[in-house]
Each structure stands twice: as C-alpha cells, then as structure tokens.
Amino acid sequence: MKRNFTRSGWLLIPLVGCSLFVLLYIIAACLYPGGSNTDKTAGGFDVLHNYWCDLLGPVAKNGEHNPGWRVAMWAMGVLCVALAVFWWIVPRLFERSRWYKILIAYPGIISMAIAPFLFTQYHDLIINLASIPGIIALATTFTALYRYRWYKLFVFGLACLFLIGANNYIYYTGQWLYVLPVLQKITFLLVMTWMGIITWVIYTRALQKGAAQPVAAGAGY
C-alpha cells in the first residue's frame, strides 16, 4: 500500500492545486486595495461586487496599485496546472480507451494552456477560445460518466455546467448582472468540489488496483 501511495500520489495534484488556489485567492483578496464596477471608491475586496478578474490587474478599480496582483497571477497559474492534470487523469475513471484521451485529456489541456491569457486585454476572446476545447472535454466526460454509471458525479457535473451557463448568460446579456460576482464564486467552489471528488475517486482506485476487491465503477457515486 505504501508503494502504491508513492506511485499514485501525483494523482492528487488537482486536489492540492485547487486548495492552494483558494488559499492564494484569499491572500490576493486581502491585499486588494478596493474598488469595483459598482463602486470605484469602495475599500478592500467586496465578495458581493468584485470579480476574480479584478484581482489580476496591477491597478485596482479605485486607481491604486494592487499589491496582490502577482499572488492572483500565481493562483491562476496553479489553477491552470491543476486543471490540466485533472483532464489528463479523468480518462482513468473509465475503461482505457485512446478516444477518451483524445476527446478528454488533450482538449482539456489545450483549454488550460489558453486560459492564463485571461488577464490580457483579449479577455473575452480568450474565454471563447478556451471554451471550445473545454466543451469537447466536458461533453465527452459527461457522456462517459453516464455510460459507466457514475450517476451522482454525472448529476453534480450537470449542476456545475448549468451554473457555468448561467454565468455566461448573465455576462453576455447583462441581465441580473448584480448577482454575477457571487454566482461566479459559488460556481468556482462547486466546480472545484466536483473535480476534487473525481480526483479522489481516481486516486483511491489507483491505490486499490490489484486488490482483491477494487472499487467498482459508479460505486457510491
């Protein structure tokens, strides 16, 4: 078991990466001087009005220098690496097939390679470019989750997908824009929780590989 733990420990990178992202996010938010699209004069980071992207700029919305922007950039980099590893290991949840690697792992990694450029002036374009391979990876993952009877993970994932869609609808239409900062954070947390559960399942399955009673597909999830 100890040998399996050593060999399989890298599978926890997505879980560790998401946890580190949250920690860095909190630090960056604490360092944020203030200002939002709603109120340029507000002090500090407002959970109800500030977006994650507000932390990525060297100048805050109130015009002051943002000392936490480098921390936020590191958080973004950590998250992208964690997500790239996540997409690489997801096919392990299913029957080994080169098609799952082609349609899940590779598009997912490509999407994460594009995502770091969100902080540039091409924010909207980068979102659209990253979404195309991301949608391919997600659609294939959901299809496989249902096919292999991981029903709880399938439903949880669909809930996350619905929230992502709601975020995009509000962002592009401008309707109910006042709820978007909070909805964005809820979506982040739920998506990372979904990823964390999948990561943990893959990790425990790797530990029990070769055991007398390995974890069955869909068992408990």
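The model is a predicted one, in which local features need pLDDT of at least 70 and side-chain atom pairs count only at pLDDT 80 or more, while totals for chains, interfaces and linings use all residues. Residues are numbered from 1 along each chain as its sequence is written, and side-chain values use heavy atoms, with hydrogens and water left out.

## Aromatic pairs

The structure holds 19 aromatic pairs (rings of Phe, Tyr and Trp, the last by its six-membered ring, with centres within 6.5 Å; planes under 30 degrees apart are stacked, over 60 edge-to-face, the rest tilted). One of them joins phenylalanine 94 and tyrosine 100, a tilted pair at 5.5 Å centre to centre with 50 degrees between the planes. Phenylalanine 94 is buried, because its relative accessibility is 4%.

Phenylalanine 142 and tryptophan 194 are also tilted, since their ring centres are 5.8 Å apart and their planes at 40 degrees. This pair links distant parts of the chain, with phenylalanine 142 in helix α5 and tryptophan 194 in helix α7, 52 residues apart. Helices are DSSP runs (H or I, at least four residues), numbered from the N terminus. Phenylalanine 142 counts as buried at 7% relative accessibility, as does tryptophan 194 at 3%. Both belong to one aromatic cluster, which also includes Phe86, Trp87, Tyr146, Tyr151 and Phe154.

## Nonpolar core

The largest nonpolar core has 54 residues (buried Ala, Val, Leu, Ile, Met, Phe, Trp, Tyr and Cys joined through side-chain atoms within 4.5 Å). Trp52, Leu55, Leu93, Phe94, Leu145 and Trp194 have the most contacts inside this core. Its largest share, 12 residues, comes from α3.

Beyond its neighbours within four places in sequence, leucine 93 is in contact (heavy atoms within 4.5 Å) with Leu145, Trp150, Leu153, Ile198, Val201, Ile202 and Arg205.

## Helix α2

In α2, the buried residues are Pro14, Gly17, Cys18, Phe21, Leu24, Tyr25, Ala28 and Ala29. They lie on the same side of α2 because they cover an arc of only 135 degrees around the axis (taken from the directions from the helix axis to the C-beta atoms). These buried residues pack against α3 and α7. The face turned away from them carries the exposed residues Val16 and Cys30.

## Confidence

Mean pLDDT (the predictor's confidence in each residue, from 0 to 100) is 87 for the protein chain. Helix α1 has the lowest mean, 58, and α2 the highest, 95.

Key
Buried means under 20% relative accessible area, exposed over 50%, partly exposed in between (1.4 Å probe, protein chains only). Helices (H or I, at least four residues) and strands (E, at least two) are DSSP runs, numbered from the N terminus.
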